[in-house]
Amino acid sequence: MRWATRHWDDILRALLEHLMLVGVSLSCAFVIAMVLSIWSARRPKVYALVLLVTGMLFSIPSLALFALMIPWLGIGVLPAIVGLTAYALMVLVRNIATGFHAVPPEIIEAAHGMGFGYWRQLWEIELPLARPFIIAGLRIASTTLIGIATVAAYINAGGLGSIIFAGLDQRYPEKILIGGGLTALLAISVDLLFLWLQRRIARKTAREAQA
Amino acid sequence: MIAEAISWIWHNPDQFLPALWQHLVMFFCSIALALVIALPTGIAVARSPRLSFIANNIANTLRTIPSLAILAAALPLLGIGLLPSIVALVVLALPPILLNTCTSIQQVDRDILSAAKGMGMTRGEIMRIVILPLSAPGILAGVRTASVQVIGGAALASFIGGGGLGDFVTTGIANMDMSRLLVGAIPVILLAIGAELLFIAIARLFFRHVPES
């Protein structure tokens, strides 16, 4: 651990860069996925198309996706964020739309009967009921992005991947293990954070249902 | 630029084909090895709640380690080349196959199992005739996830001297040669999407009768 104790500030900076990359792309992907899901959830043909396109984006290997961004956006943080956003879409759309599909039709009909307009029904009924599915989607997407973001270091986006690549270039196992280990730890912590959030929301929903 | 890449492939088959071949060798070897390890393990642990809990937790932890880290970790442990890359890719392919095998077997309807037992089938027969065919679509979905990940992971194998199509991407990025970069990137993308579509087609063709879980 000789390198790590002398360079903890570099490690901390890489960790923050990593969090920034993942946070910004997850937020962008969340906004796009919400719009896509709300638009397509009740239109089976559009939904199938949206899932097909986002599914194809998701299956593009990370190195190839980031490489494709270079002729178009160059290297650096911007192409990395665009690539990561594209990756997160499939997971988010599938989960959010599943949430909307899980709303019982009788409840929607009842809302209609009570004279709810489209937006009020969406905001007051469908979104709260779909919330557990939305959080579950964010949970999977965030851990996936934390892993893929390491590859983005190869196009100069920084983050924990840059420590792994430096270790590969210099044949320095300590850097590889620290970069990889911290990424895995980060993914596990974020996963647990969302799990905690999921449970809290489930309890809150149960209390509201009782009251 | 894409036309340039295609013409480069056309004029340099002696460089392109070996890379493609290496990529496919890495893919087939690691998926085959992962199947040999994960299928029997999944079948063995599915019946015991405690064992399947342990196996699921190990698989989920493995899954959180990014593919780049798994490949990079092979370098200090196993050195560089094709073999370390394949070992790393097996580690990458194990979790989805194991998790899907385990859950699909556990999801087989209890009533169907007791009916089979009532018909006097032995445990081996129940496994072979009832459980495995019913859980096959779920297992196949796991192999599909693993395949797409391994094709993408094999592109990263270039960083530890595993060869494959990733070599074109890395030299392309190093020299900022866009057409060379596409020589690697486009076939990798086609392979990944092709594998995805192939598995979807197989599932539609053979498992239409099995309800999707």
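Start where chain B meets chain A: across this interface the rule finds 0 salt bridges. Keep in mind that the model is predicted.

You get 27 nonpolar, 5 polar and 1 charged residues.

Now select the whole contact. Chain B brings 33 residues to it, and chain A brings 27 residues. Switch to a surface view. About 2,600 Å² is buried between the two chains, and carbon and sulfur atoms give 88% of that area. Next pick B:Thr64, B:Leu68 and B:Phe159. This trio supplies 20% of the area that chain B buries against chain A, more than any other three residues.

Turn to the helices of chain B. Those that each supply at least two residues of the touching side are H3 (49-64), H4 (67-78), H7 (123-156), H8 (166-175) and H9 (178-206). Which helix gives the largest share? Select H9(B): 10 residues of that side come from this helix.

Finish with the annotation. An unreviewed UniProt entry marks "transmembrane region" at residues 20-46, 58-80, 126-144, 150-169 and 181-207 of chain B. Select 58-80 of chain B: its end C-alpha atoms lie 26 Å apart, and the span is 83% helix and 0% strand. Then select 181-207 of chain B. Here the end C-alpha atoms lie 39 Å apart, with 96% helix and 0% strand.

How values were computed: Residues numbered from 1 in each chain as written. Chains lettered and ligands numbered in written order. Predicted model: local features only at pLDDT ≥ 70, side-chain atom pairs only at ≥ 80, totals over all residues. Heavy atoms only, no water. Contact = heavy atoms within 4.5 Å. Buried area = accessible area lost by both parts, 1.4 Å probe. Salt bridge = Lys/Arg side-chain N within 4 Å of Asp/Glu carboxyl O. Helix = DSSP H or I, 4+ residues; strand = E, 2+ residues; numbered from the N terminus. Nonpolar A, V, L, I, M, F, W, Y, C, P; charged D, E, K, R; others polar. UniProt positions renumbered as here; feature names shortened; annotations may be inferred.
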